[in-house]
Amino acid sequence: MTEATFAVLTLLILVWAVTSGLLARRNITGPLVFAVAGYALGNPDWGPLSVDVEAPSVHLIAELALALLLFSDAARVNLSRLKRDIRLPGRLLAIGLPLSLVLGSLLAAWLFDDFTWALAGFVGATLAPTDAALSAQVINDRRIPMRLRRALNVESGLNDGIVTPVVTFSLAVAAGQLGVESHDGVSDHGGGALLELAVGVIVGLAVGAASARLMTVGSRRRWMTTGARRLGTLAAALASFALAVAFSGNGFIAAFVAGIAFRAALDEEIVDTDSVVEPPELLGEVLALAVWFLFGAALVPIAMHNFDLTLLAYAVLSLTVVRIVPVALSLLGTGLDRTTVLFVGWFGPRGLASIVFALLAIEQLGEIPVVEQAVSVVALTVLLSVVLHGVTAGPLGSRYVRLEQADEEAGAGPRSRRLAHHSPESPSPRRSDQP
């Protein structure tokens, strides 16, 4: 990324910050704005700005964005509250997510003859996690039952961390099947990936728990100022990722586990978790906007170059059948009506995690034709999701509320009664969850 590209990107972030509310009222999301800007300004065929998809800086920005958001998402999970309201998000994560992964992988293997089973598994796993930022209007709408919004938010906050081991393992095996040296020069058909995961878990537990303990002691003895607590949390998030990578571990798993360990070990009577988690979350959001710009500049052109009807068919099926059918199966027996199930099933947008995993595939497997095709599948699916979920979030959310109110007026009882009474509390949407 050149200095000019960086300067334009920072100015775009400033303009977006000033106009974000105005654009949101017109169903125009930040990811859409930055993806379009990246495609227009950084396109290799005509763009005035230079973006190299294989540049280390591009991968570092994307990986840091995901690591920070994984940490902040995990750190915002209040386990005691979640245990009391685990039914819906638990089913979506324990049943719906694996089914989406398997169904997406089988569909990729069926539609694309050149894919190895590992590459098909990579596509399925990469497109399984959701991103609530693309349907923030739904998560923000207090007229929609709180438990429903929380379920979508918890799901999107945790599913990318859960699928990370599958993505990493699939890439390692694909490197062996394609005869490509992995990023560490060893093509061991997944053995190294398992070791990376183990190292990531150990580093994450150590850094998360230790940093929380230190901050608790420092706060209790009044060694720390409020600002220092926030800086300490940001440092813990960055350290978990950096140390894991330094020890040849998986930085994403380390950041995710560190966030969980940090929340569990922190004395919340002394340190306000929601306050100290803001810095890594805020920096992650800024970097995420940069990643959306890079997505438009580097990955969308690849998708357009490889575009065909098979690619489009997979993208459409991924956003509909591959998402909605597993969600419907996972919610059997919950008593939810068909409209609510379809509502939850539709609002499973693909976003930041899928982009980072696609960049990871380019980094580890190179830009060979079959890998470019896999990346194109991911990029086109994410692009369609940005447009469709961003545009429909507001209208479909309002329609759901009207149907609920109509049921209540007809004496059938509102859909929300099957979930929870309306609550003024908001789950503070983005990608994170605050159950």
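Phe112, Phe115 and Tyr314 together make up one aromatic cluster. The model is predicted: local features need pLDDT of at least 70, side-chain atom pairs count only at pLDDT 80 or more, and totals for chains, interfaces and linings use all residues. Residues are numbered from 1 along each chain as its sequence is written, and side-chain values use heavy atoms, with hydrogens and water left out.

Across the whole structure, a search finds nine aromatic pairs. Rings of Phe, Tyr and Trp (its six-membered ring) pair if their centres lie within 6.5 Å; planes under 30 degrees apart count as stacked, over 60 as edge-to-face and the rest as tilted. One of these pairs is formed by Phe112 and Tyr314, which is tilted, at 6.1 Å centre to centre with 55° between the planes. This pair links distant parts of the chain, 202 residues apart: Phe112 lies in the loop between helix H5 (87–111) and helix H6 (117–126), and Tyr314 in helix H14 (residues 309–319). Helices (H or I, at least four residues) are DSSP runs, numbered from the N terminus. Both Phe112 and Tyr314 are buried, where buried means under 20% relative accessible area, exposed over 50%, and partly exposed in between (1.4 Å probe, protein chains only).

A further pair consists of Phe252 and Phe357; it is edge-to-face because the ring centres are 6.5 Å apart and the planes stand at 75°. This pair also links distant parts of the chain, with Phe252 in helix H11 (residues 251–265) and Phe357 in helix H17 (residues 352–365), 105 residues apart. Phe252 counts as buried because its relative accessibility is 6%, and Phe357 is buried, with a relative accessible area of 0%.

Phe252 also takes part in a contact between helices, made by Thr233, Ser240, Phe241, Ala244 and Val245 of H10 and by Gly251, Phe252, Ala254, Ala255, Ala258 and Phe262 of H11. Contact here means heavy atoms within 4.5 Å. The residues of this contact divide into eight nonpolar, three polar and no charged; Ala, Val, Leu, Ile, Met, Phe, Trp, Tyr, Cys and Pro count as nonpolar, Asp, Glu, Lys and Arg as charged, and the others, Gly among them, as polar.

Helix H5 holds Ser100, which is buried, with a relative accessible area of 8%. Not counting residues up to four places away in sequence, Ser100 touches Val322, Arg323 and Pro326. A polar atom of the Ser100 side chain lies 3.2 Å from the backbone oxygen of Val322.

Methods
Helices (H or I, at least four residues) and strands (E, at least two) are DSSP runs, numbered from the N terminus. A polar contact is a pair of N or O atoms within 3.5 Å; within protein, one must be able to donate a hydrogen and the other to accept it, and residues adjacent in sequence count only if both atoms are side-chain atoms.
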